[in-house]
Every structure is written in structure tokens, then in C-alpha cells.
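Hello,

Here is the structure I promised to pass on to you. Have a look at it first, and then read my notes below.

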Amino acid sequence: MSFTEANGIAFTDATLIPIWDKVRAGERLSSADGVALFESDDFTALGRMAAHVKEQKSGNKVFFVINAHVNPTNVCVLNCKFCDYVSDRNDAGAWEMSTEEILAHITSEMTEVHIVGGHHPDWPFEHHEGYIRAIRETHPDIKIKAFTAAEIDFFGKRWKLSVDEVLERLVAAGLNSMPGGGAEIFSKRVAKELRYTGKAQAERWLEIHGKAHAMGIPSNATMLYGHIETYAERVEHLRLLREQQDKSGGFLAFIPLEYQVSEERLVQRHASALDDLKTIAVSRLMLDNFPHIKAYWIMIQEDTAGIALGFGADDVDGTISRERIAHAADARSPVGVTRKRLVRVIHDAGRIPVERDALYNEIHVYSDTETVDLAADDYEPVKRSRVSPRAGAPLARNVEETA
């Protein structure tokens, strides 16, 4: 195998060198560049390029948050082909959480609560306002990140409200930011094939985030990959996100979401760890105007997330207790991890662990002494979760998972 040295990187694929020149010069990559990166087998050079961009943006820091994911209901009017989470209200595994059950998921130690759920046809909008307000009153300092653009779109259509009115009322109740879910892949072909044309499509999804940004509500963005999409469709998704960020500037982080193979089996196996790392690296290189790229450990697993910190990611999300959506598709990761484990993952990758809140305000930067002490602590790998929240009595009570 021959190598070509170019400004600190040894390339086996010399066609990437002009892209590296663009990256070093701070020039924006084209869609053709993005496809070339995905198609290249020069995995090491791709990682080095992405790591260069990451270090320019956040140095050696890697962020995490102490948080909980709350999924108030899996009852949903949609029937997306890739989703193992949703249920009809008469299904055995359907659930509707009360405000009290939602509050029971949140502790005073947490600085973020992340709320997404099904498009429930009968819950009035006031119900959603009510539990957001209850969280704010019970935990006045916590950051509430809630409702995807698809949910905001549904609330407006179901209850005949404008997007602005939905957002204004949620902010008044206590909302701080929005998650990035519901984007899937911005492709009409894939949306039709996977039956998610009933939720907010690309233009509408981007419009809602733009409106949120204009109101001072920051948000995240996602992309579901590893199913039937093409590399070109991944790159177009990234291009549209980058274009929206140019316009409204409110995206905090991008999270590539690996499709979780379960009962639907759109493909026969999960994306490989190499594909996970390549997707994170290309995302870091294409999304030059996004501050942060996450390695979402709950879908790609802890080991791959740790390696991703050398491929452009600067965030591992959080402790994510009580997560249900990925685990409804039998995600292979453990259900929730501790602060200690995340610090160790970051430390073992040679990075500086930084605890943050949902808005990337730094809460604590871990010193060398703290990280060494944690790394030296007794370590027992957690057992991977195979618990599915689909099991349970119909709407009898919230199905609890062990963290």
C-alpha cells in the first residue's frame, strides 16, 4: 500500500488531498466532496481531518450531561416503517404517563430533561403544557429540552395552533430548547418507502427549527442512517442542515442516529462501527457551522463512542436514564450510565471531560487528578440491556426499566 504525505496526514486515497486542502483553508466542502469522503476507503485520513476540525472548535474538551430521557407516551397516530416504539392505544405495550410519573423520572442532580414521545391523538395541548410547567415548578433550575419539530407540527395541526403559538406557550410553561429528532433522512424517496410522509418533511422540519431559533430557542439536529438511504442522500441531508444553520444559527449540536435493527428489519444488520465513525467524521467536516457533533453512545455503544472522539465528535450526550425509543428497537447499549462511566470513556480517549447543561454552559471541567482517580476506581462493565418497554399491561402504569 502506498502513501502520499500532505500537510501532516498520510493518504492512501490521494483524491482526498484537495478536500484536506479545503479543510485546512477553512473552505466549505461541496456535496461532491461529502460523497467522496463517504465513498473513500482511506479511513484513517478521514478521521484525522475530522479531528482537526473538532480541535479547532473545542480543543481537547469532550462534553456530557447528567440527564434523563422521558417518553410520556408511545401511543401515536403514525406508523413509520422503521419504528418499533409506537403503539395503538389498545396494544398490550401501550403507555400513557401521568405528570406524577414524569416527575418521578427526574432527580435534583440532573441538569437536563429530554422529552419526546408519540403523536398522541387525544391528549390536549394543555396536557403537554401542564407537565412542562410542573417540571419547571418542581425543578426550577433544570433545562427542559422537549418536543421534536415533528411533534410541534402535530400539535399545531391537531389543535389548530400556529407554530409560533405552540412555541410561545411552551416557552411560557418552561421550555428551554428543542431536541433534533424526527428529521429521519431528508429524502422524499425514503420518506415514501419508510412511510413517514405523515410527519413534518424536510422543508417543514427546517422551517419549525428556523422559527424556534428566531424566538431564541436553540435546538439540535439529527439524521437517521444505516437503513435504505444512499451516501448522496446523507450528504444532501447535511447540506440542508448547514443551509438552515446559515439562515437561523440556532443549532447547538448534530447527532447521527444509527438505525436500530429489530422486528422491522429494513436491513439485516446494524451499521458497522466503521460506518458509525465515518458518518460522524463526514458530519464534522460538512457541518462547518455546527458547534458540536455527538457520538450518541446509546445507539453506537460506549466503545465506538469512545473511538468517535478521535473522529470529530466532541460530545457523548449524557447519562440518559429511562431511555425507551432506541431500546424499543432492542438497542444493544445499557439503559443509562453513570457520570463516572462517561468521565472514564472520555478520559480513556485522551480527552478532557466537561460536564455541561443542555445549552452547553460548562458546569465542571474535570482535572487530571479527578479523571485519574476515576479511572483507577473499580470497574465493572454493565450488562447490555435487552429489555423492551413494549412489554406490559395496556396503559395500566408506566413500565419501569432498571438503570
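**What I found**

Strands S3 (residues 61-65) and S10 run parallel and are joined by two bridges; strands are DSSP runs of E with at least two residues, helices are runs of H or I with at least four, and both are numbered from the N terminus. Two strands count as paired if DSSP finds at least two bridges between them. Within this pair, Phe63 stands opposite Asp315 of S10.

Before going on, please note that this is a predicted model, where local features need pLDDT of at least 70, side-chain atom pairs count only at pLDDT 80 or more, and totals for chains, interfaces and linings use all residues. Residues are numbered from 1 along each chain as its sequence is written, and side-chain values use heavy atoms, leaving out hydrogens and water.

S3 and S10 belong to an open sheet of four strands with mixed pairing, in the order S10-S3-S11-S12. S10 (315-318) and S12 (362-365) are at the edges with a single partner strand each, so one side of each has no neighbour in the sheet.

Elsewhere, S5 (residues 112-115) and S6 run parallel, joined by four bridges, and Ile115 stands opposite Ala146 in S6. Strand S6 (residues 143-146) is covered on both faces: Lys143 and Lys145 are buried on one side, Ile144 and Ala146 on the other. Buried means under 20% relative accessible area with a 1.4 Å probe, counting protein chains only.

Overall, the protein has 16 helices and 12 strands, and 59% of its 403 residues count as buried.

Enjoy exploring!

Definitions and conventions
Buried < 20%, exposed > 50% of the residue type's maximum accessible area, 1.4 Å probe, protein only.
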